[in-house]
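Biologist: I would like to learn how to read a model like this one. Please take me through it feature by feature.

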Amino acid sequence: MAAKESKKTKLLKEKLLWESKRVWDALSARDRKEVLRYADEYRDFLNAARTERKAAAEFVQRASKAGFVPIDAPRGKGKGCYQLMRGKFLAMAVPGTEPITEGIRLISSHTDSPRLDLKPNPLYEDTDLALLKTHYYGGIKKHHWVSRSLALVGTVALRDNKVVEIEKGLDPGDPVVVIPDLLPHLGRKIMEKKASEFIPAENLNVVIAGQPFVDDPDADKRVKLNVLDILNKEYGITEEDFVSAELQLVPAEPARDAGLDGYFIAGYGNDDRVCAYTSFTALLETEKPQYTSVAVFYDKEEIGSEGNTGAQSRFLDMFLMQLMERTGVEPLTHNLNKVYFNGKALSADVNPAYDPTYESVFEKRNACKTGFGVVVEKYTGHGGKYSASDAHAEYVGWVRDLFNKHGIVWQIGGMGKVDEGGGGTVAKYLARSGMDIIDIGPALLGMHSPLELVAKDDIWMCHQAFKVFFGGSGA
């Protein structure tokens with residue numbers, strides 16, 4: 001039996017040792033009710049925003065109702081301003097009492113999620129079935145996407161430049177589409193292959209129809225023709241229009257409460273729309289901050305932040321230049337450099353939660369857990385910290401002190417064992433501007449799967465942490 005600790009030892013432990021704590025234990029009864037209310041609102045958003053375009057449109061609509069105006073609106077109008085680029089990349093700001101050249105408080109997140117995209121020429125008929133060819137987007141496990149209900153959503157630019165939106169499979173009354181799996185009776189040899197190989201990417205073919213065109217029994221490719229006839233009547237689409245389409249296959253099932261206690265939200269796109277939503281609502285609640293508060297919602301993070309709507313584009317520079325002009329500062333490169341170098345930023349992104357079923361890939365002392373608050377992740381990358389921005393000690397200390405002073409429940413986290421894998425965020429791209437930046441976000445179970453789990457109290461604590469960072473009068 002262990003000897004009883006002395007009072008001196010207990011006091012020393014309290015002074016020197018540190019352990020992360022559960023969010024639920026730190027909350028009042030009133031706060032717990034607020035957690036559940038906020039989680040319900042987030043779940044509704046997740047169901048409305050299945051794509052990056054839908055997320056951006058939802059944010060613009062809500063921001064407009066909250067008093068935000070387009071950045072080119074007359075100066076002095078609106079609580080804050082926003083700019084939407086190509087329907088996917090959104091930036092928003094609330095002006096601070098200090099000149100913008102004294103630095104900004106910026107939170108970046110991304111609204112794209114792993115999925116299946118249709119190829120430019122996707123529709124074909126084979127043995128009296130109409131199918132679609134796909135190309136997966138971002139890091140997926142291909143077997144997650146077979147034998148499940150999928151919805152077809154996206155944007156099509158028609159020949160006359162008219163743009164139409166497609167959304168099939170999300171309404172409970174809609175038909176869904178499916179990628180059939182091979183039955184185990186015929187798949188014994190296939191199942192002997194590695195998981196990364198037993199479903200080749202070119203086998204992720206979607207069965208979209210089986211009914212033939214009835215008006216002409218002698219016609220060739222009658223099932224394909226019937227599909228095109230349906231699409232043409234409903235949307236005006238011809239086969240050539242697929243070339244100028246952004247059509248995605250996403251899980252059809254809605255986000256919903258999970259666990260017998262309803263503690264989690266299980267849904268598609270928690271990575272990273274949970275951070276997008278919490279930073280968005282934090283900005284809406286920010287009133288008269290000292291430093292200009294900026295929220296950025298990127299596209300293309302899941303494929304390396306490429307393209308003109310990703311974090312490697314120049315859009316943020318352009319937005320900040322316009323913001324300088326709007327707030328009475330000359331939009332010069334010299335002033336833009338000051339905005340960045342004097343600023344502080346959070347890369348709002350999720351972290352893999354420790355899963356005891358797969359404990360061999362986690363380094364337990366530096367792994368985060370669900371229900372223990374926002375994750376402070378000093379660096380991501382892989383191997384010898386490759387592709388990581390690696391926040392400075394002084395900035396980590398500043399963030400830690402900020403959270404402690406305001407009662408934010410937080411923990412540390414990483415991307416598993418050093419040589420087990422790794423991953424990256426947009427932090428390294430913003431770090432190029434000279435800003436101090438660190439990754440902050442909630443822990444997820446089942447990251448990059450079609451059904452990710454996030455704890456409701458972690459969602460709420462993430463929102464609280466972002467409010468504190470923005471530093472509005474209500475924080």
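Biologist: Which residues line the second largest cavity?

Modeller: First, the ground rules. This is a predicted model, in which local features need pLDDT of at least 70, side-chain atom pairs count only at pLDDT 80 or more, and totals for chains, interfaces and linings use all residues. Residues are numbered from 1 along each chain as its sequence is written, and side-chain values use heavy atoms, with hydrogens and water left out.

Modeller: A cavity is a set of points, on a 1 Å grid over the protein atoms alone, where a 1.4 Å probe fits but cannot get out; lining residues have an atom within 4 Å of a point. Here the lining of the second largest cavity consists of Ser113, Pro114, Trp145, Tyr268, Gly269, Asp271, His448, Ser449, Pro450 and Glu452. By class, that lining has 4 nonpolar, 4 polar and 2 charged residues.

Biologist: What volume does the second largest cavity have?

Modeller: A volume is the space filled by probe spheres set on the grid points, which are joined across faces, edges and corners. For the second largest cavity, this is about 40 Å³. The structure has 2 cavities of 30 Å³ or more, and the largest cavity holds about 70 Å³.

Biologist: Which elements give two or more residues to the lining of the largest cavity?

Modeller: Elements are DSSP runs numbered from the N terminus: helices are H or I with at least four residues, strands are E with at least two. In this case they are H4, strand S7 (150-157), strand S8 (163-168) and strand S10 (245-251). The lining includes Thr51, Glu52, Arg53 and Lys54, as well as Glu246 and Gln248. It divides into 2 nonpolar, 4 polar and 5 charged residues.

Biologist: How far apart are the end C-alpha atoms of helix H4?

Modeller: The expected span of a helix is 1.5 Å times one less than its number of residues. Helix H4 has 14 residues (52-65) and should therefore span 20 Å; its end C-alpha atoms are 20 Å apart, which agrees. Buried means under 20% relative accessible area, computed with a 1.4 Å probe and protein chains only. In H4, the buried residues are Glu52, Ala55, Ala56, Glu58, Phe59, Val60 and Ala63. After H4 comes glycine 67, with a positive phi near 100°.

Biologist: Is leucine 116 buried or exposed?

Modeller: Exposed would need over 50% relative accessible area. Leucine 116 has 0% and is buried. This residue is in strand S5 (residues 115-126).

Biologist: In what order do the 9 strands of the open sheet lie?

Modeller: Two strands pair if DSSP finds at least two bridges between them. The order is S1-S2-S3-S13-S4-S14-S20-S16-S18, with mixed pairing. Strand S1 (68-70) and S18 stand at the edges with a single partner strand each, so one side of each has no neighbour in the sheet. Within the sheet, S14 (residues 344-348) and S20 (residues 436-441) run parallel, joined by 5 bridges. Alanine 345 has isoleucine 437 in S20 as its bridge partner.

Biologist: What do S21 and S22 form?

Modeller: They form a hairpin with 6 residues between them, and glycine 446 in the turn has a positive phi of about 75°. The two strands pair in the antiparallel sense over 2 bridges, and leucine 445 stands opposite leucine 453 in S22.

Note on methods
On a 1 Å grid over the protein atoms alone, a cavity is a set of points where a 1.4 Å probe fits but cannot get out, and a pocket is an open set with protein on both sides within 12 Å along at least five of seven lines; lining residues have an atom within 4 Å of a point. Ala, Val, Leu, Ile, Met, Phe, Trp, Tyr, Cys and Pro count as nonpolar, Asp, Glu, Lys and Arg as charged, and the others, Gly among them, as polar.
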